[in-house]
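My notes follow the order in which I looked things up.

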Amino acid sequence: MTRDTAFLWKIVAIGFHPQGGSLMSFPLQLSSFTRKQLSRRLQQAYASGSLQLVKRIHALLALAQGQSVSEVAEMLSLGEQTGRDYRNQYLFKGMASLVDKAPPGRPSKLTKTQRQQLAEWIKASPQDAGDTSGCLHTPMMQDLIQRHFGVVYHPHSIASLLKNMGFSSQNARLVSDHLSEAKRLEWRQTRWPKILRQAKQRKALLLFGDEASFAQWGSLSYTWAPKGQQPEVPTSGKRKAYKVFGLIDSFSGWFFYKAHAGRFNSESSAAFLLDVLSQTTQQVVVIQDGARYHTSKAMQAFFETHADRLTIEQLPAYAPDFNPIEHLWKQVKKEATHLKHFPEFTDLQQEVDRALLHFAQTPRAITVLMARYCENLGKVDKAA
């Protein structure tokens with residue numbers, strides 16, 4: 001006899017009835033095996049769209065963790081008597097009490113006003129609707145709709161509902177909580193238009209700069225394969241990378257790049273910029289991020305030494321989406337390393353060099369990229 005069963009018989013022996021009021025507060029003690037059973041049943045409830053059963057199991061698990069009936073009722077938006085009934089019926093019937101009962105009659109739907117409210121929450125933030133998550137997946141959406149509107153949707157119905165409301169299922173994107181929206185807005189509306197206008201007036205090269213590492217173990221991407229068989233790409237397992245400095249010109253699509261064997265640092269960064277300056281007699285404006293080797297004392301001294309030809313502009317902090325060369329690096333990786341095997345480091349070097357040369361010889365690809373960048377940031381006035 002298990003500990004859970006023994007406890008159940010003890011309750012029956014003293015005359016406990018699951019439907020009656022609780023004369024005393026019975027603790028809910030669960031073995032590790034029973035917890036696993038409840039967890040599996042919870043997954044099934046989520047999959048079937050039974051939000052009532054989901055709440056019931058969450059209530060049991062919370063009570064087993066030592067939370068009081070009143071705490072569980074508040075957490076799950078239940079009446080306290082409902083919480084007691086969940087506990088009492090489980091103590092009397094065990095897993096048999098966890099029956100997925102479909103509500104009678106035709107399922108209710110969200111009203112037009114409720115759909116508008118739901119859309120506002122999705123567009124704004126789940127936190128506005130009382131959730132702690134940054135995004136809402138289908139089970140969370142089920143729970144949100146049930147808690148706020150008292151309507152239960154099956155997972156498939158939720159997908160149809162959201163599609164009809166103009167939403168689609170997408171991969172989320174991580175955004176640093178250090179972002180300063182005020183500084184990003186100032187860059188888009190004030191700083192970038194001014195930089196672009198001055199560069200045109202001076203007939204200067206306007207270069208966006210960044211560095212990239214291309215791993216010898218390659219990079220993965222989507223590909224076709226038989227159903228149920230995940231495609232595999234061999235790898236040497238060697239933790240080594242090919243490093244490259246890069247700058248792209250906003251006006252001509254000129255692509256400067258230089259491979260680097262060691263670490264990215266102030267010395268190698270300065271050497272790359274000297275190499276760029278040697279290839280042109282124009283004024284050069286470089287837009288860069290705040291990497292330490294870009295802003296070190298050594299680099300500040302370098303910039304002062306070459307201030308007659310070189311102007312440095314800093315991007316806002318944590319704003320890689322404001323640097324169009326990031327998109328070029330993705331294209332290079334797509335060409336050179338996606339789904340490829342590099343037994344030797346020289347194999348990697350050859351593929352990356354081939355892709356870099358391709359983009360250096362097709363400046364049109366970069367000017368198209370810059371056009372999209374300007375469109376995203378908001379184009380400067382026509383007088384610029």
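These entries cover a central strand, a cavity and the nonpolar cores.

**Entry 1: the model.** I note at the start that this is a predicted model.

**Entry 2: strand β4.** I began with β4, which spans residues 284–288. Is β4 largely enclosed or open? I found 5 of its 5 residues buried, so the strand is largely enclosed by the rest of the structure. I then checked which way the residues point. Val-284, Val-286 and Gln-288 go one way, while Val-285 and Ile-287 go the other. Residues on both faces are buried.

**Entry 3: partners of β4.** Which strands pair with β4? I looked up β1 (residues 205–215) and saw that it runs parallel to β4, with 4 bridges joining the two. I also looked up β5 (residues 310–314), which pairs with β4 over 5 bridges, again in the parallel sense. Val-286 turned out to be a handy landmark here. Its bridge partner in β5 is Ile-312, and Val-286 is itself the bridge partner of Leu-207.

**Entry 4: the cavity.** Next I asked how many cavities of 30 Å³ or more there are. The count came to 1, and the space in the largest cavity is about 80 Å³. I sorted the lining by class and got 5 nonpolar, 5 polar and 2 charged residues.

**Entry 5: the largest nonpolar core.** I moved on to the largest nonpolar core, which has 36 residues. Which members touch the most others? I wrote down Trp-192, Phe-214, Ile-248, Leu-328 and Trp-329. The elements giving two or more residues to this core are α9 (181–202), β1, β2, β4, α13 (325–336), α14 (345–360) and α15 (363–377). α14 provides the largest share, with 6 residues.

**Entry 6: a closer look at Leu-328.** I picked Leu-328 and set aside its neighbours within four places in sequence. That left contacts with Ile-248, Phe-255, Phe-359, Ile-366 and Leu-369.

Notes: Residues numbered from 1 in each chain as written. Predicted model: local features only at pLDDT ≥ 70, side-chain atom pairs only at ≥ 80, totals over all residues. Heavy atoms only, no water. Buried < 20%, exposed > 50% of the residue type's maximum accessible area, 1.4 Å probe, protein only. Pairing = 2+ DSSP bridges. 1 Å grid on protein atoms, 1.4 Å probe; cavity = no way out; pocket = protein on both sides within 12 Å on 5 of 7 lines; lining within 4 Å. Points joined across faces, edges and corners; volume = space filled by probe spheres on them. Nonpolar A, V, L, I, M, F, W, Y, C, P; charged D, E, K, R; others polar. Core = buried A, V, L, I, M, F, W, Y, C linked by side-chain atoms within 4.5 Å. Contact = heavy atoms within 4.5 Å.
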